[in-house]
Each structure stands twice: as C-alpha cells, then as structure tokens.
Amino acid sequence: MEIGLIGLGKMGFNMAERLRLGGHKVVGFDFNADAVKNLTASGSLGVQSLDDLVKNLKAPRAVWIMVPSGDPVDQTIAKLEASMQKGDIFIDGGNSNYKDSQRRYAQLTAKGYNFVDVGTSGGVWGLKEGYSMMIGGDKGPVEHLRPIFETLAPAADKGWGHVGPSGAGHFVKMVHNGIEYGLMQAYAEGFSIMKHKEPLKLDLTQIAKIWQYGSVVRSWLLDLTADALEKNPQLEGLEAYVADSGEGRWTVFEAIDLNVSAPVITESLIRRLRSREDNNFSDRMLSIMRNEFGGHAVKKST
C-alpha cells in the first residue's frame, strides 16, 4: 500500500522505515532538507514539497500527518487540499486535541474527503517494538488503512484498534498520556524516597532491575527507567525541569467537565508546572506564613 508521510522527525522517520520494511511505498516530506535526504537514502522516497508528495501517490491517497498539534496541522491540511481529491484520506497521527479532530473531520468530510485521527504511542522505540494506535473515524477509511495499521502495530492483531467515531482516537490517547503522567510521578517519588534514605546506601539501578521481574510494579516504563539509571545513576547534568505537551492538561480539563475525580493525574501535572519555577514563590509564601503565625525559622537566601 502507498502512503504519504509528513513530518520526518525521529518518530516519523522510524514509522516510515517500519512501513518500508513491511512492504509499503512511503513518500515523505519535511521542511528539513536533511530529513528528506535521509528518507530517500533509507529506501523510501523523499520529496521537496507537499504538491510533489501528492503527485507521487495513487488515488485514493492516504496522507499521514506527523506535525505539532494546533495550527501546524491546520496549515498542513489547508496546503494539501489544493492537490488532494475527493475520497482521499487525511490522517492526523500526532497529539492533537480531540475537539480539533472533530472539527477537522466535519470540515473535510463536508468537502468529500476522509479524516482519521490516530493517537499514536511508542516514541523512538516504535521501529523496534511497534506502535500502539488508538483510531477514531468512519469505518470505511479505517478499514482501507488496515494494512498500514497492521504493519505499524506490534503485531497485526495486537496494539491497535478502531475505538470510536471522529475524535475518539485522540481522546483515548489524551487519557493514555494523562495516565502516563501519574505513573511517571509515582516512580519518580518512590525512587526519590529511596535516594534520600542515605544510611541504607540503596543502589537505585539494582532495585529498578529487581523490580523488572515478578514485581507488580514492573512495566516498560520501569524498563526504560532502569536503563536510564544504569547510564546515569546520579542524574548528573540534568535540570529539574519537566515539560508537558498538553495532553495531561486536557485530561484534567475533561475530568473537571465530566465531574470525575482525578487527583493523581492532576497532581502529576501540577508537579511538572512547579518544576519550572526558579526560587518557587508559593513555597516562599508558605515559609513566611509559618514564621508569622508560629515563629518558625525562615531560611534566607545568600
């Protein structure tokens, strides 16, 4: 099967390579000329423009968009529309807000196009391990794309599924990432507690490796944690700054709108925000209040 791929970052390039190895024709475009050259060198076809990408695909075309969420997706779709034909399929495989996906579905289907939203998990390991895909959209185009999903997934019948109508794929991926926030926070706090129990001289790398087998907290995330600790046990050269790409926030907003209690995911998001504050003002406020009502000592900066 033929597919166009827009966005050749590390994840996009690995997806293209997995598809190529699975026997599919991949035509790729990226604004980074070196990324396009690398795709061609790997055995797929890199092109210099979106128009060239469409011209090198047979109808009905399927174009998978892997660009940052928000306006970049809308701009890419708008530029593609001039070259695409009715019946062609737009696929958003990035981390878009599901409400944007529902809007794009309504706009594109009204013009005779198809739109499928694919929440994609797997990161830089997807080439080797396969990608987990949560898919939203109409049954017809999803079934048409089945060979693509079966190739990208860990196995043809595992790790992917059509979860619902337009927006459902990105909604489920949003919640997936919210859960990921909570899991990461729990691991981080647990290892921090052990790190601070200095009299026991605990080897965190050893403990992570023990937990990888037989433990109820074993997971792929723990496997990655063990590998990271083995490379850098003291986390040297790293700042306590944790970014977020939006899905955790959206999950918390949805929980509030739905009257669902989600304290773990919410607190994990707050911790990420707090990690970005130098000389945290709220903590200094707490310190001065304790001093005012109880005469507790205040640690002053030097």
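The accessible surface of this protein comes to about 16700 Å², of which 56% belongs to carbon and sulfur atoms (Shrake-Rupley method, 1.4 Å probe). This is a predicted model, in which local features need pLDDT of at least 70 and side-chain atom pairs count only at pLDDT 80 or more, while totals for chains, interfaces and linings use all residues. Residues are numbered from 1 along each chain as its sequence is written, and side-chain values use heavy atoms, leaving out hydrogens and water.

**The whole protein**
- You will find 14 helices and eight strands here (DSSP runs of H or I, at least four residues, and of E, at least two, numbered from the N terminus).
- Of the 302 residues, 41% count as buried (under 20% relative accessible area, 1.4 Å probe, protein chains only).
- The C-alpha atoms fill a box of roughly 75 × 40 × 35 Å along the principal axes.

**Helix 5**
- Helix 5 covers residues 98-109, and its buried residues are Tyr98, Ser101, Arg104 and Leu108.
- These four sit on the same side of helix 5, because they cover an arc of only 115° around the axis (taken from the directions from the helix axis to the C-beta atoms).
- Their packing partners are helix 4 (71-81), strand 5 (89-92), strand 6 (114-121), helix 9 (168-196) and helix 12 (247-257) (contact means heavy atoms within 4.5 Å).

**A residue in helix 9**
- Gln185 belongs to helix 9 and is buried, with a relative accessible area of 17%.
- Leaving aside residues up to four places away in sequence, Gln185 touches Ser268 and Arg271.

Note on methods:
The expected span of a helix is 1.5 Å times one less than its number of residues. Buried means under 20% relative accessible area, exposed over 50%, partly exposed in between (1.4 Å probe, protein chains only).
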